[in-house]
Amino acid sequence: MKVKITIIAIAISLCSIAINAQVSLILEDQQVEKEEIFTVDVKAENFQSLLSMQFMMNWDQSVLRLIGVENYGLSDLTDRQFGLSEDQLIVMWIDLALEGITVADSSTLFSVKFKALAAKDSSMVVISGTQETPIEFIDVNENEVEVVPDTSFITVLGATPTRNIGELPVKLHPNQPNPFSYSTQIPVDANYPQQVELRLFNQEGIHIKTIEVQLSEGKNFIELKNTIFPASGIYYYQLLTENYAKTEKLEVLH
């Protein structure tokens, strides 16, 4: 009898762990052209037996113009569950049947449609929350589920972008050291001398600085000192040319 009770207890425990598994929201980086209309798909992993969700999405309205939301992948999810503005989207969804919804990994929950406004510019699309509208996912047992939000970079290239990676004139490598407390170096390979932009963003997607860099042919090293960054934490840097964009992440320790 004790063995049977133990087995039942383990089974209940495993079931609870499965329901309360960490949910990951997934966005993908994209390179688009000016005036191009495109979608950012919001995908999920471990979306299991959930009753409700709420979160926000933000972007730079000078780079991206919101057109609307489409491609709903959840029952009871319609345009009425979204609050839209020029630089923000709020989604509040609930399973009206109160049975809990499960979707396959990498399934699209919904898609946000944008129009790219500015050539040779970029915007982060950030999944976030505030004190008034926190990121909140609730499972069928009415327990709050931990959520891993995501961030994507949308880069608007020039009028004649080159999309073949093998032909691109520059190549960005991860910075070393990372994390760093005083300075770090970013290696960049260039096929010929050229001027590029290095853009820095904080973890919330706010642009904090643009550095103009003149590259020579061959191996180059761009040095960043911790004084550029207002505080310790995670930041993103993006190398941008007329037909190339790549983003990497660094950590600053003050």
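Tutor: Let's start with a term: buried means under 20% relative accessible area, exposed over 50%, and partly exposed in between, using a 1.4 Å probe and protein chains only. This is a predicted model, where local features need pLDDT of at least 70, side-chain atom pairs count only at pLDDT 80 or more, and totals for chains, interfaces and linings use all residues. Residues are numbered from 1 along each chain as its sequence is written, and side-chain values use heavy atoms, with hydrogens and water left out.

Student: Is Leu-98 buried or exposed?

Tutor: Look in the loop between β7 (88–94) and β8 (107–116), where Leu-98 lies. Its relative accessible area is 55%. The cut-off for exposed is over 50%, so Leu-98 is exposed.

Student: How many residues has the largest nonpolar core?

Tutor: A nonpolar core is a set of buried Ala, Val, Leu, Ile, Met, Phe, Trp, Tyr and Cys residues joined through side-chain atoms within 4.5 Å. Those with the most contacts inside the largest one are Phe-47, Met-53, Phe-55, Met-57, Phe-110 and Phe-137. That core has 38 residues.

Student: Which strand gives the largest share of this core?

Tutor: Strands here are DSSP runs (E, at least two residues), numbered from the N terminus. Several supply at least two core residues each, including β3 (37–45) and β4 (50–58). The largest share, five residues, comes from β8.

Student: What share of the chain's residues count as buried?

Tutor: The chain has 254 residues. Of these, the part that counts as buried is 43%.

Definitions and conventions: Helices (H or I, at least four residues) and strands (E, at least two) are DSSP runs, numbered from the N terminus.
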